[in-house]
Amino acid sequence: MAVHPPIVVHRISPSGGRRVTVRDQIMGLAHSDLQLLEFLRRAGLPDADALLDDPTWTEWVGDRPHEYEPLEITP
């Protein structure tokens, strides 16, 4: 059984932002690292900035880490 990190930053939504879950609890939709850190603070992780790039703590799903805006599709 695979063990997932406690923090998951999901794919960028079509309108922008990324859903954030901590220990399978939805914390909200983050549009920046600052908002993400606020969600983590509310989850009891006040010094979480070092955890964002630690794969044992944070999984960034489907898109590049620290990006929150959807890609522009050109015709």
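**Close-up views of a predicted model**

**View 1. Overall fold.** The protein holds one helix and four strands; the coordinates are those of a predicted model. Read from the N terminus, the elements follow the order β-β-β-α-β. The radius of gyration is 12 Å, close to the 11 Å that the globule rule gives for 75 residues, so the protein is as compact as a globular protein of that length. The C-alpha trace spans about 45 × 30 × 20 Å along its principal axes. Of the 75 residues, 32% are buried. The accessible surface amounts to about 5300 Å², and carbon and sulfur atoms account for 55% of that area. Taking contacts between residues at least 6 apart in sequence, 45% link residues at least 24 apart.

View 2. The four strands make an open sheet with the order 3-2-1-4 and mixed pairing. Strand 3 (25-30) and strand 4 (58-60) are the edge strands, each pairing on one side only. On average, neighbouring strands of the sheet are turned by 20° against each other, with direction ignored.

**View 3. The hairpin of strand 2 and strand 3.** Strand 2 (18-22) and strand 3 run antiparallel and are joined by five bridges. Within this pairing, V20 stands opposite G28 of strand 3. Two residues lie between the strands of the hairpin, and R23 has a positive phi near 50°.

**View 4. Strand 1 beside strand 4.** Strand 1, residues 7-12, pairs with strand 4 in the parallel sense, over three bridges. Here V8 is placed opposite E59 of strand 4.

**View 5. Helix 1 across the sheet.** Helix 1 is formed by residues 33-42 and lies across strand 1, strand 2, strand 3 and strand 4. Relative to strand 3, helix 1 runs at about 155°.

View 6. Is T58 buried or exposed? The relative accessible area of T58 is 5%, which is under the 20% cut-off, so T58 counts as buried. With neighbours within four places in sequence left aside, T58 is in contact with P5, I7, V9, L51 and L52. One of these residues, L51, also has its backbone oxygen reached by the side chain of T58, at 2.8 Å.

Note on methods:
Residues numbered from 1 in each chain as written. Predicted model: local features only at pLDDT ≥ 70, side-chain atom pairs only at ≥ 80, totals over all residues. Heavy atoms only, no water. Pairing = 2+ DSSP bridges. Axes fitted to C-alpha atoms, helices over the stretch in contact; angles between N-to-C directions. Contact = heavy atoms within 4.5 Å. Buried < 20%, exposed > 50% of the residue type's maximum accessible area, 1.4 Å probe, protein only. Polar contact = N/O pair within 3.5 Å; in protein donor to acceptor, adjacent residues only side chain to side chain. Rg over C-alpha atoms; globule rule 2.2 N^0.38 Å. Areas by Shrake-Rupley, 256 points an atom, 1.4 Å probe, with all protein chains shown as cover.
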